[in-house]
Amino acid sequence: MKFSLSTSLLWLAAVAAPLVSAERIIQSNSLNPCMANSSFSATLFNVAFTPGNRSLGFAIEGISNIAGKIEADVELLVYGYPALNEKLDPCKQEELEGMCPMNSGPLTIKSNLPIDDSVMSIIPGIAYTIPDLDAVVRIIIRDAESLEQLACVEAELSNGHSVDQKAVAWVTAVIAGLGLMASAITSGLGHSNTAAHVAANAMSLFGYFQAQAFIGLCAVPLPPIVSAWTQNFQWTMGIIRVEFLQEMATWYQRATGGTPTTYLSQLSFISVEVQKKRKMRRAIDFTTGAVGRLMARSNAAATEAQAGGDRVVLHGIERVGFKAKIETTNIFFTGYTFFVIFVLFTVIGVVAFKYICEGLVKAGKMKTDKFVDFRNGWQTVLKGILFRVVLIGFPQMMVLGFWELTKRDSPGLVVLAILSVLTMIGILGWASSKVVRIAQRSIAMHKNPAYILYSDPVALNKWGFLYVQFKAAAYWFIIPWLGYLLIKAMFVGLAQGTPKAQGIAILIIEAGLLIGVSILRPWMDKKTNGFNIAIAAVNFLSAFFLFMFTEIFNQPPIVTGVMGVIFFIINAGFALILLLMLLVSSGFALFTKNPDTRYQPMRDDRGSFIKSQSQLTTELDALGATARGEGKGTHSSYTTSRGRIDDDDDYSSEEVRQMAAKEGGFSEHYQPAPPRSPVNDGSMSPAAPSFYDRRSPVPSYNRPGSNGAQYRQANNSSPWQRGAGYEH
């Protein structure tokens, strides 16, 4: 009797399994309930169909509480569409006579079944090529006399093809890393404009990848193709399986008082379901407390036929970790460790590059003016790079840290999570406030935030990661941007038990960001604004799809399935375009002699302020240095003094205004006195030790006898103010 029941169920699955065959193999690893108090359940369900030899191999362990005559309804759902609906009566079909009547009891079966030619003939050719096809066989068992529904089970079918590919993850990671490296190299070579553009695009692309990963981390049930696609970007969250690291994570958890899960090592004994459909979530809501306590790391999940079975359901972050072959209790430690490794390798790389450059210069293999800014101020550059690394890892550590606080895998992991969250928020919050203070001081003294932000190399190298991608007047935009990342991470990490709340919140957050950036357009130029607004628009569209996946409107299942395919097509095409754009810009930055010619000067005139320790090679550069009060070769003393940027946070706004008026020789209405002409002086002014010990470099254009009076009268906006948002 038991053998007949299993045979019948697997035969019904085999009818639908070939419909999604791609590599000539179909498999299903779990049989899931679809009703409350189902009288049949499987703790182990492994089915493999091979069309080549037309055989179906299976191993099943379960419990049946059904006794008597029954009838069954079989339904095949493809993207929610009912492709097959058939009624079976075991008492009228010879191959199912073993089920007439049925007997209750435990069930353990391992066998193979031949598949009839009539089944093979109905397979459409396209079914073998579609990755992550959303196909489910649903079997409803009823009492033959009363027609009472006794059991409902579903088997999700996979054709072995998926858009979740390691090659995709590697390509995206390599190109994103190449963009960051290209920006660092071009910056060291003195091409600041190119470096700023490439770095801004690389950071934006990395942020888009993290947004895709966030979709996969949400507890919202996702269509298979969406879950598989977002899995490609989980490397941005540090969710990467490394064998020795998993052993280390398990050891650390046990050493700090935790109990690790063992789902991956017990797949031969338990049935693990990664939640994909909303109806699956409804199916487990009724179960006894053990399944409900899965979120509290209980290994004793209940099945529907009998409490105490071994069936677990994973969703959200746990689903992502399981698909990456990482135990759920090791997810936070894995992400944390990869972030620490990223920081260490960054430090080692920068230090090694510095000493390699010095060695090449001493050996005569490299010119002395190559990477001179980096070699002279490499420690400041390293600080700035580390700050940028913290900014890159901020979304990752926030979502994993907040999530760990809800799971509490061990006291040691909770402490790491708290320290990570508080430290990173503190570092970026303090750095952002520093940028605001420097910019406000620059406005008070020079009527332009760009002056001090870009003319002091220490401030630029150390804090520039927070503002160089924005126009000068939008230096403050990093604060709402960090707020956006923090709030989004909080909903993803803390609201794993409320998928509808996650969907609604992320939709609202993305809509707010899209509206804000479309109105403010805070990035450095038109192209960069277009690049980032396009990313914000696609992120909003993805959030809308995520919202629909919650099935809050109870739309037909086929609508959700089709939306999943559209989600993949849009994001796959968009990601390809962004990758190609970054690859091309990185190539131009690395392999062209003067890549700055590809970009127009910034409207905020930041190029006029940026100092360089490299030799001034053109007359225009010399004139610009003279206007700033510098002489050729005097940058070293300037860098040493550092303009007291990092030490003068104590000045009140009144003291700054008085200092500005005293230094510049003009009133608070910004009416500068006539400057001395560097040509008439016959010599170049030496560099001042700080911003506060020299006159403001703002010339007067209306002085009688000035050779440029007519030009300046026609263009009366000061070059220090033009484009920075302070035109009058």
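Here is a walk through some parts of this structure, from its strands to its helices and loops. Keep in mind that the model is predicted.

Let's begin with strand E9, which covers residues 149-157. Is this strand mostly covered or mostly open? Of its 9 residues, 8 are buried, so strand E9 is mostly covered; a residue counts as buried when its relative accessible area is under 20%. Strand E9 also has partners. One is strand E8, residues 135-143, which pairs with E9 in the antiparallel sense over 8 bridges. If you want to find this pairing on the model, look for Ile141, whose bridge partner in E9 is Ala151. Another partner is strand E2, residues 31-33, which is antiparallel to E9 and joined to it by 3 bridges. Here you can look for Pro33, which has Val153 as its bridge partner in E9.

Strands E8 and E9 form a hairpin, with 5 residues between the two strands. Within this hairpin, Leu147 has a positive phi near 60°. That is worth a second look, because most residues other than glycine have a negative phi. We will meet this feature again further along the chain.

Next, find Pro224, which belongs to helix H5, residues 224-231. Pro224 counts as buried because its relative accessibility is 10%, and the cut-off for buried is under 20%. How far apart in space are Pro224 and Asp132, given that 92 residues separate them in sequence? From C-alpha to C-alpha, Pro224 and Asp132 are 5.6 Å apart.

Now move on to helix H6, residues 243-255. With 13 residues, H6 reaches 19 Å from its first C-alpha to its last, which is close to the 18 Å expected at 1.5 Å a residue. Which residues of H6 are buried? They are Leu245, Gln246, Ala249, Thr250 and Gln253. If you look down the axis of H6, these buried residues fall within an arc of 140°, so they line one face of the helix. What does that face pack against? The buried residues of H6 pack against helix H10, residues 331-362, and helix H13, residues 411-446. On the other side of H6, the exposed residues are Phe244, Glu247, Trp251, Arg254 and Ala255. After H6 comes Gly257, with a positive phi near 90°.

Helix H13 deserves a visit of its own. Ser420 sits in this helix, and Ser420 is buried because its relative accessible area is 9%, below the 20% cut-off. Apart from neighbours within four places in sequence, Ser420 is in contact with Tyr336, Met397 and Met398.

In the model, residues 385-405 are 100% helix and 0% strand, with their end C-alpha atoms 29 Å apart. Residues 565-591 are likewise 100% helix and 0% strand, and the end C-alpha atoms of that span lie 39 Å apart.

The loops between helices are our last stop. Gln496 lies in the loop between helix H16 (478-494) and helix H17 (499-520). Is Gln496 buried or exposed? Gln496 counts as buried because its relative accessibility is 5%. Setting aside residues up to four places away in sequence, Gln496 touches several others, including Cys218, His315, Trp403 and Gln502.

Two further loop residues bring us back to positive phi. Lys325 lies in the loop between helix H9 (317-323) and H10, and its phi is positive, at about 60°, although Lys325 is not a glycine. Arg408 lies in the loop between helix H12 (378-407) and H13, and its phi is positive too, near 50°. Are these residues buried or exposed? Lys325 is exposed because its relative accessible area is 54%, and Arg408 is exposed because its relative accessible area is 57%; exposed means over 50%.

Key:
Residues numbered from 1 in each chain as written. Predicted model: local features only at pLDDT ≥ 70, side-chain atom pairs only at ≥ 80, totals over all residues. Heavy atoms only, no water. Buried < 20%, exposed > 50% of the residue type's maximum accessible area, 1.4 Å probe, protein only. Helix = DSSP H or I, 4+ residues; strand = E, 2+ residues; numbered from the N terminus. Pairing = 2+ DSSP bridges. Contact = heavy atoms within 4.5 Å. Expected span 1.5 Å × (residues − 1). Arc of directions from axis to C-beta.
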